[in-house]
Amino acid sequence: TPDLSKPTDTLPSVEYGGAAISPSLPPSTTVASPPPIKVGKPQSPSLSWTTVLDAKTTGKGLAVSMGWSQEADGPQLHTRFQLETSATGTAKVVTMQINVNLFGLGISQAFPETTLKAGDAPVVISLAVGANNQRKPVKDLQVALKVEPIGVLFFVAPPIPMHLVLQPATGCDPTKYAAEFESASVGWQLPADVPPIPTSNGRLSGNALRLLSLNLVHSTSAGSVSI
């Protein structure tokens, strides 16, 4: 059984167009979107799909495409599955994970097991993505997909647009949050004999916090900052 946490042990990387990918993976291509069966949240009609597994080659009968969007609670990764051919007529998508990467991105929802039938319309699964993964200096988002009875498939997801990584979530009203924050009472504080720990304003900037999956929605600090 392949180790999902070590896909590079199975698929050694090579340079293709400046990005490290598996030698067995074709370059990603953007294709038109047929009407899918939607699972999870509705997707934007302008969502761009990128083919990551071709049914005739690396997908072994399973076609997989992906696309990114920004939702109220953060980035969403949409995955479209279509079983074109199968010796058994069906296949079950058991689980999917994003392996360690530069941004620490990982799927932050439980993956719903999904049964596919050969020749049926595509099925789309939309999942929230957050900074809940380990970090490693790997630019590509390598994905491991377990499908029965096909096995474990490895591929590279389309790059996440940088504005989705740095953009704060859109579902929080800054004014309302500030009012609730100011009305909150202190539940605990550092003992008086513990000195403050100085830090820099740069580490608490909106972009820096966004990389940690935190959204800066209100700040009254000026000058140096201590925590």
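Predicted model: local features only at pLDDT ≥ 70, side-chain atom pairs only at ≥ 80, totals over all residues.

Trainee: OK, and how many helices and strands does the protein chain have?

Mentor: Four helices and 15 strands.

Trainee: What share of the 227 residues is buried?

Mentor: Buried residues make up 36% of them. As for contacts between residues at least 6 apart in sequence, 63% join residues at least 24 apart.

Trainee: Let's go to the surface. Which residues form a nonpolar patch there?

Mentor: Trp188, Leu190 and Val194, with about 350 Å² of accessible area together. Trp188 sits in the loop between helix 3 (174-183) and strand 14 (198-199).

Trainee: And is Trp188 buried or exposed?

Mentor: Its relative accessible area is 67%, so Trp188 is exposed.

Trainee: Switching to aromatics. How many aromatic pairs does the count come to?

Mentor: One aromatic pair. Phe81 and Phe111 have ring centres 6.5 Å apart and planes at 85°, so the pair is edge-to-face.

Trainee: Why edge-to-face, for Phe81 and Phe111?

Mentor: Because planes over 60 degrees apart count as edge-to-face, and the planes here are at 85°.

Trainee: Where do Phe81 and Phe111 lie?

Mentor: Phe81 is in strand 7 (residues 74-83), while Phe111 is in the loop between strand 9 (106-107) and strand 10 (114-117), so the pair ties together parts that are 30 residues apart in sequence. Both Phe81 and Phe111 are buried.

Trainee: What about Arg80, which ring does it lie over?

Mentor: The ring of Trp49: Arg80 lies over its face, 4.6 Å from the ring centre.

Trainee: Now charges. How many salt bridges does a search of the whole structure find?

Mentor: One. The side chains of Lys92 and Glu113 meet in it, at 3.8 Å from N to O. That pair links distant parts of the chain, with Lys92 in strand 8 and Glu113 in the loop between strand 9 and strand 10, 21 residues apart.

Trainee: You mentioned Pro149. Which residue does a cis peptide bond join to Pro149?

Mentor: Glu148, with omega about 5°. Pro149 itself is in the loop between strand 12 (142-148) and strand 13 (151-156).

Trainee: Last one, on backbone angles. What is phi of Lys60?

Mentor: It's near 55°, a positive value in a residue other than glycine. You'll find Lys60 in the loop between strand 5 (49-53) and strand 6 (62-71). Lys60 has a relative accessible area of 55%, so it counts as exposed.

How values were computed:
Residues numbered from 1 in each chain as written. Heavy atoms only, no water. Helix = DSSP H or I, 4+ residues; strand = E, 2+ residues; numbered from the N terminus. Buried < 20%, exposed > 50% of the residue type's maximum accessible area, 1.4 Å probe, protein only. Contact = heavy atoms within 4.5 Å. Patch = residues over 30% accessible without salt bridge, like charges linked within 9 Å, V, L, I, M, F, W, Y side chains within 5 Å. Areas by Shrake-Rupley, 256 points an atom, 1.4 Å probe, with all protein chains shown as cover. Salt bridge = Lys/Arg side-chain N within 4 Å of Asp/Glu carboxyl O. Phe/Tyr/Trp six-rings, centres within 6.5 Å; stacked < 30°, edge-to-face > 60°. Lys NZ or Arg CZ within 6 Å of the ring centre and 35° of its normal.
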